[in-house]
Amino acid sequence: MSLRRIMLVVGVLFYVLLWVLAANGASSLVAPLVVPAVLAVMVALGVALNRFMGIAPRRPHFDDHDDEKGQ
C-alpha cells in the first residue's frame, strides 16, 4: 500500500473517532466536524453540475517552452 492510501485511511478513522466523541457528549465538536463534510458535498455538486452542463475544466495559462528547449 502507498503512504497516501495509509494516511487517507488514518485520516478517515480519526474523523470517525471525532464524530463518535461528538455523539457521546462533546457537542462543541459538531460544528467544526460539519464544515469539511459540507465543503466536500459542495465541491462534488459543483463538479457534477459542470459535467452536466458540459463546461470544460480550465486549462493552464502559462507556457513552459524554456523547459522543453533545455532537454
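The legends below describe an overview and close-up views of a predicted model.

**View 1. Overview of the protein chain, with 3 helices and 0 strands.** Along the sequence the pattern reads α-α-α. Helices (H or I, at least four residues) and strands (E, at least two) are DSSP runs, numbered from the N terminus. Of the 71 residues, 4% count as buried; buried means under 20% relative accessible area, exposed over 50%, and partly exposed in between (1.4 Å probe, protein chains only). The accessible surface comes to about 6700 Å², and 69% of that area belongs to carbon and sulfur atoms.

**View 2. The aromatic pair of Y15 and W19.** The structure holds 1 aromatic pair. Y15 and W19 form this pair edge-to-face, at 6.4 Å centre to centre and 85° between the planes. Rings of Phe, Tyr and Trp (its six-membered ring) pair if their centres lie within 6.5 Å; planes under 30 degrees apart count as stacked, over 60 as edge-to-face and the rest as tilted. Y15 and W19 are 4 residues apart in helix α1 (residues 3–23), so about one helical turn separates them. Y15 is partly exposed at 28% relative accessible area, and W19 is partly exposed at 30%.

**View 3. The contact of α1 with α2.** Residues Y15, L18, W19 and A22 in α1 meet V30, L33, V34, P36 and A37 in α2, where contact means heavy atoms within 4.5 Å. By class, this contact has 9 nonpolar, no polar and no charged residues. Ala, Val, Leu, Ile, Met, Phe, Trp, Tyr, Cys and Pro count as nonpolar, Asp, Glu, Lys and Arg as charged, and the others, Gly among them, as polar.

**Notes.** Residues are numbered from 1 along each chain as its sequence is written, and side-chain values use heavy atoms, leaving out hydrogens and water. In this predicted model local features need pLDDT of at least 70 and side-chain atom pairs count only at pLDDT 80 or more, while totals for chains, interfaces and linings use all residues.

Terms used
Areas by Shrake-Rupley, 256 points an atom, 1.4 Å probe, with all protein chains shown as cover.
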